[in-house]
Amino acid sequence: MSQERQRSPVRIGLLGCGVVGGGVLRLLNENRSYLELRVGAPLEVRHVLVRDPKKPRVAECRAEWVTTDPEVIFKDEQVDLVVEVMGGETPAHSYLQRAIAAGKGVVSANKLLIAKHGPELVQSAISRRVDLAFEASVGGGIPIIRTLREALASDSVSNVHAILNGTCNYILTRMRDAGLGFDQALAEAQKLGYAEADPTLDVDGHDAAQKLVVISMLAFDARIDPAAVHVEGIRTIDSIDFRFAERFGFTVKHLGIGHERGEKLELRVHPALISKHSVLANVDGVLNAVFLNGRALGPCLLVGRGAGDMPTAVSVVADLVDVARSRLEGEPGLRTRSIQLSDRALVPRDDWEPRYYLRFDVGDHPGVVGTIASALGGEGVSIEHMVQDGRASTAGDVVPVCIVTHESREGSVRRALETISRAPFMKSPPRLIRIEDV
Ligand code: NAP
Ligand code: HSE
């Protein structure tokens, strides 16, 4: 490649200029000369697509770049790379399809889009011999996609346990350390700007599930329908569960979990009890973490800021550098071609076999514990610990009975819980939290 070609700029169309897009423009500006050295050519923004042209933007966003018309970007043949940081499924999906079809390199931070349409977009990018990079779609600034795709290209992953949602991790940390209730901790997370305006995606686990699906593409070469992944959020976790968890030597974390089980995968997103000595136990506040086991490598932990303008921009701009460089070097699409996906069946929920923490809010009568133990025993579920907290002082009082089981099939545990739920002493539905050895 001639020096002449190396010096001509790589031109960028930026779709979106909100939290992440603003961070991208700041980082491109702050690290301009350093990035030029890394790429071998200047990175030049040509257009910035937004919805509302009157909204104030970061100082680095020049007025002449701003447009509300996507055609300005798609009709500009000089645009080499498209960076999608607008979010959502529509119209982002069709914009990425168009960019790939036009032979442009593409970078996206959009976990929803990659989880749902990643396999199709990867296939189009491979056919068109262009790059599709999506580091920022998982774990903000944590380089998990690159680690799986490049550093672990020589190994295979047997399991992943990950803290993938900063809002959930913040809420659980505050419930544990400051004794806050769920609503209070959520209000704090919203005030601090961690949670979305509608925090359902965060606290009901869907954000983490999308990220787990994207991780599974790289860790397990798996094409997975996000709707097939079992998802639970953190709304049912009570402050009393933290007290019992502590007593049994655990802490509560919201995890995305992936296990390879022969040809199948066990994928689940839910709150879990993990040992207080686990490497994930002290990953607190808004931090994210991915703890994986490589068959040859053994354990590997990545921890960092999973959200926010600058951490996320670090991942987006790192992808930009990669995609720009491979384009300049005449090898576009090389990294995307290393993503080879196939359909993987999921292990049905009834066949999972972790340990369980079970809490029963009961009337304090003789025979209650015996009935619970016998329902569990009747389904072959063995008990490791059992604790009743205090005693009722009046007839209507409710007391919690907590049980930790041995490893048991989830189908058996659920059948036992259905039987127990029907007992007259039960004052509310039983609570189940899975225990993960991590
Ligand atoms: P945001 O602050 O809401 O910004 C979205 C931007 O896209 C805005 O500039 C908006 O324009 C523009 N936009 C949205 N829909 C559009 C449309 N139909 N046409 C034109 N412009 C449109 O979102 P964000 O937090 O930066 O997130 C962007 C993406 O990054 C999402 O996929 C998100 O999941 C992902 N991500 C975010 C974080 C984070 O910490 N925020 C971390 C990792 C990944 P206006 O400004 O005019 O409304
Ligand atoms: N709302 C997300 C979180 C932002 O709390 O982790 C990053 O995807």
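These legends accompany close-up views of a predicted model.

**Figure 1. Domain layout of the protein.**
The domain assignment divides the protein into three parts: domain 1 (3-141 + 309-342), domain 2 (145-305) and domain 3 (351-435). Domain 1 is given as two sequence segments, 3-141 and 309-342. Domain 2, at 145-305, falls between those segments in the numbering. The C-alpha centres of domain 1 and domain 2 are 27 Å apart. Domain 1 gives 25 residues to the contact, and domain 2 gives 20 residues. Together the two domains bury about 2000 Å². Carbon and sulfur atoms supply 61% of that buried area.

The shell around ligand 1 holds 22 residues. V20, D52, K55, R57 and G308 come nearest. By type, the shell has 11 nonpolar, 6 polar and 5 charged residues.

**Figure 2. Polar contacts of ligand 1.**
A polar backbone atom of V19 lies 2.9 Å from an oxygen atom of ligand 1. For R51, a polar backbone atom is likewise 2.9 Å from an oxygen atom of the ligand. R57 uses its side chain: a polar atom there is 2.7 Å from an oxygen atom of ligand 1. On its own, ligand 1 exposes 900 Å², and the protein buries 80% of this area.

**Figure 3. The surroundings of ligand 2.**
Which residues surround ligand 2? They are K111, N165, G166, T167, Y194, E196, D202, D207, K211, G306 and A307. By type, 5 are charged, 4 are polar and 2 are nonpolar.

**Figure 4. E260 and its contacts.**
E260 sits in strand β10 (residues 250-261). Which residues does E260 contact, leaving aside neighbours within four places in sequence? The list is V157, S158, F220, L265, R295 and R344. With R295, the side chain of E260 makes a polar contact of 2.8 Å. V321 is 61 residues from E260 in sequence. In space, the C-alpha atoms of E260 and V321 are 33 Å apart.

**Figure 5. A cis peptide bond at P91.**
Most peptide bonds are trans. The bond from T90 to P91 is cis, with omega near 10°. P91 lies in the loop that runs between β4 (81-84) and α5 (92-101).

**Figure 6. Positive phi at R129.**
Most residues other than glycine have a negative phi. R129 has a positive value, near 55°, and is not a glycine. Its place is the loop between α6 (111-128) and β6 (132-133).

**Figure 7. Positive phi at D221.**
Where is D221 placed? It is in the loop between α11 and β8 (222-223). Phi of D221 is positive, about 50°, although the residue is not a glycine.

Note on methods
Residues numbered from 1 in each chain as written. Chains lettered and ligands numbered in written order. Predicted model: local features only at pLDDT ≥ 70, side-chain atom pairs only at ≥ 80, totals over all residues. Heavy atoms only, no water. Near = heavy atom within 4 Å. Nonpolar A, V, L, I, M, F, W, Y, C, P; charged D, E, K, R; others polar. Domains from an automatic or database assignment. Contact = heavy atoms within 4.5 Å. Buried area = accessible area lost by both parts, 1.4 Å probe. Polar contact = N/O pair within 3.5 Å; in protein donor to acceptor, adjacent residues only side chain to side chain. Areas by Shrake-Rupley, 256 points an atom, 1.4 Å probe, with all protein chains shown as cover. Helix = DSSP H or I, 4+ residues; strand = E, 2+ residues; numbered from the N terminus.
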